[in-house]
Amino acid sequence: MTIDRTTLRWNGWGPVKQENPLPDDAPQWAWIEEALGVSRLASTPAVALHDVRLPHSRLSEDILGKLRGISGENQVRTDDYERAFHARGKSYHDLLYLRAGKLDMAPDAIVYPRSADEVLAIVKLCAEEDIALIPFGGGSSVVGGVNAMPKSLGGAVLTLDTTLLTRIVQIDKVSMTARVEAGIYGPALEEQLQNHGVTLGHYPQSFPLSTLGGWVAARGAGQQSNRYGKAEKWLVSAKLATPRGFWTTEATPASAAGPNLNQLVAGSEGTLGVIVEATVKIHDLPERKDYRGYLFKTFAQGVEAARRINHAEIPVAMVRLSDAPETYFFQALSSSGSGGLKSKLQRMYLKMKGFNDAPCLMLIGHEGEKETVVWAQEQTEAVCKRLGALALGTGPGKRWFHGRFNGPAVRDPMMDRGLGVETLETSTRWSNIANLHDKVVEAITNAIAANVPEQNARGIVMAHVSHSYPDGASLYFTFVFPRQLDREVEQWQAIKRAASDTIEMNGGTITHHHGVGVDHAPWLGEEKGEIGMSILRATKREMDPKGVMNPGKLLG
């Protein structure tokens, strides 16, 4: 099962015909204006594709003919829609260019190979002809990971779209592994696995529109990673088409035969080769799922609960803790005027329970055998209550689970109204969570305040703990702000730089699961160190001597 690309937005998220979660008459707009301190939200619609002038293709008819000889006449595309769709990923930064119709970075052609052998032939052709090759799956990168960047100014760019590589090659229910082609979308993968009674359990927010190969390439994390692991944990083996030929990594359950090279593939971001196949760990379908909400008086109490749950080794699928601004913002955004959590009666009840006006919502999910889920839920609830949490039952958990992939769709209508909506993430040890949270919130808040279109305008900065481990957790930041329409990119760069510098100086990683791409490359050297970077560059030179594989990403 593949997705008809013409049904998707080339300059936004999701299907063209999806329901607008924030129509023009939505009551939330008045609240957003007040919260951001702006007198009136602007009207900033995206440019239509028929009004965009794409650059002339730099690929010769000879090269296009060779590509058609490899993959077939219909598998090589040069039309405006395909070139626009594959020009960039889906970051806020990318959308600033796409929505403005600035497509100077569009690929010269897109090729849809149907087999690993075709991929290898295309990779070798690009190496021979010195053509930049961009591996592209779902295109959901939010760090510039699939942008159609040439090797040098004026160079040709070919995007290789993997989404016809969709076969499940083998399911081994004895070893509980599956071998799968890398271009399969998340829903198609899970549908086929679940028909056999198993699951990968990897559900990132981009799940409906991202692929297996992309998850591995960016070291992605699903929302239930506490149970099923990040990509580098569930990856057993990978097969790549590289300029030097096929490379298949080791597939044993454990080995002391030198470093595990799967860890070079996970996070390689298409710079070493095209991932054409991956063997992954699978699990029996959970007998029961239980998702519940808990309200904490402070963010610190919620963080302590998450830490204790991890240290007690209670089997959880997810522990997600929103800080007070995020708890309030998403409740207000989902409210249609009834007041929701902030209604008068609820405020009175919470006040009776000792809560102020800034509680923090935690969602805890359990999946597995019935007896284990019941026991684990009792244990996590006991931990939360010992720290003063109010149990909210399964209602908040069910609402989150039902709409857990809908968040990105809110960004498009906000960008239509002159707003910026950006996210970034990091991770750090438990003892540094509070410090890093506060420092990054402060840095983003100050950077927005220094780059707003009106004197009294401001941003909304919020965060949540999204993934947790025995030694620490990730922090995921979301911020909304009024755009400076005459310097949108410069405004984003100032905010991004302030946040990233602060993360680097305060013990966080530059990225927990989004990847490096173009956006985070300037900070990678500080994190890896001089020797570490020299090892990565040497590997790149050995695997891709001419540097044609996804230039400009990861290593800059």
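Student: Which helix holds both Glu304 and Arg308?
Tutor: Helix H11, residues 299-311. Glu304 and Arg308 are 4 residues apart there, about one turn of the helix. Keep in mind that this is a predicted model.

Student: What do the side chains of Glu304 and Arg308 form?
Tutor: A salt bridge. The closest N and O atoms are 2.9 Å apart. Side chains of opposite charge can pair when their charged atoms come close.

Student: Is Arg308 buried, exposed or partly exposed?
Tutor: Partly exposed, because its relative accessible area is 34%.

Student: How many salt bridges does the count come to?
Tutor: The count is 24. One of them links Arg167 with Glu181, with 3.3 Å between the closest N and O atoms. This pair links distant parts of the chain, 14 residues apart.

Student: Where do Arg167 and Glu181 sit?
Tutor: Arg167 is in the loop between strand E4 (157-161) and strand E5 (168-172). Glu181 is in strand E6, residues 177-181.

Student: And Glu181, buried or exposed?
Tutor: Buried. Its relative accessible area is 8%.

Student: What about Lys230, which residue does its side chain meet in a salt bridge?
Tutor: Glu232. The N to O distance is 3.1 Å. Lys230 counts as buried because its relative accessibility is 8%. Glu232 is at 15%, so Glu232 counts as buried too.

Student: Switching topic. How many disulfides does a search of the whole structure find?
Tutor: It finds 0. A disulfide is a covalent bond between the sulfur atoms of two cysteines.

Student: Is Cys360 buried or exposed?
Tutor: Buried, at 2% relative accessibility. Cys126 is buried as well, with a relative accessible area of 1%.

Student: Now the surface. Which residues form a negative patch there?
Tutor: Asp284, Glu287, Glu369 and Glu371.

Student: Where is Glu287 found?
Tutor: In the loop between strand E11 (283-284) and strand E12 (288-296). Glu287 has 56% relative accessibility, so it counts as exposed.

Student: Let's talk backbone. What is the phi of Arg219 near?
Tutor: Near 55 degrees. That is a positive value in a residue other than glycine. Most residues other than glycine have a negative phi.

Student: Where is Arg219 found?
Tutor: In the loop between helix H7 (212-217) and helix H8 (225-228). Arg219 counts as partly exposed, at 24% relative accessibility.

Student: And Leu554, what is its phi?
Tutor: About 65 degrees. Leu554 is not a glycine, yet its phi is positive. Leu554 is found in the segment after helix H19 (521-543).

Student: Is Leu554 buried or exposed?
Tutor: Buried, because its relative accessible area is 10%.

Student: Last topic, distances. How many Å separate the C-alpha atoms of Ala156 and Gln379?
Tutor: 58 Å. Ala156 and Gln379 are 223 residues apart along the chain. Ala156 lies in the loop between strand E3 (132-136) and E4. Ala156 is buried, with a relative accessible area of 16%.

Student: Gly137 is in which loop?
Tutor: Also the loop between E3 and E4. Gly137 counts as buried, at 14% relative accessibility. From Gly137 to Ala182 is 8.3 Å in space, C-alpha to C-alpha. In sequence, Gly137 and Ala182 are 45 residues apart.

Student: How many Å apart in space are Glu128 and Pro243?
Tutor: 8.8 Å, C-alpha to C-alpha. In sequence, Glu128 and Pro243 are 115 residues apart. Glu128 has its place in helix H5, residues 116-129.

Student: Glu128, buried or exposed?
Tutor: Exposed. Glu128 has a relative accessible area of 56%.

Terms used. Residues are numbered from 1 along each chain as its sequence is written. This is a predicted model: local features need pLDDT of at least 70, side-chain atom pairs count only at pLDDT 80 or more; totals for chains, interfaces and linings use all residues. Side-chain values use heavy atoms; hydrogens and water are left out. Patches are made of residues with over 30% relative accessible area and no salt bridge: like charges are joined within 9 Å, nonpolar side chains (Val, Leu, Ile, Met, Phe, Trp, Tyr) within 5 Å. Accessible areas come from the Shrake-Rupley method with a 1.4 Å probe; for residues, only the protein chains shown count as cover. A salt bridge is a side-chain nitrogen of Lys or Arg within 4 Å of a carboxyl oxygen of Asp or Glu. Lys and Arg count as positive and Asp and Glu as negative; His and the chain ends are not counted. The place of a charge is taken as NZ of Lys, CZ of Arg, CG of Asp or CD of Glu. Helices (H or I, at least four residues) and strands (E, at least two) are DSSP runs, numbered from the N terminus. Buried means under 20% relative accessible area, exposed over 50%, partly exposed in between (1.4 Å probe, protein chains only). A disulfide is a pair of cysteine sulfur atoms within 2.5 Å.
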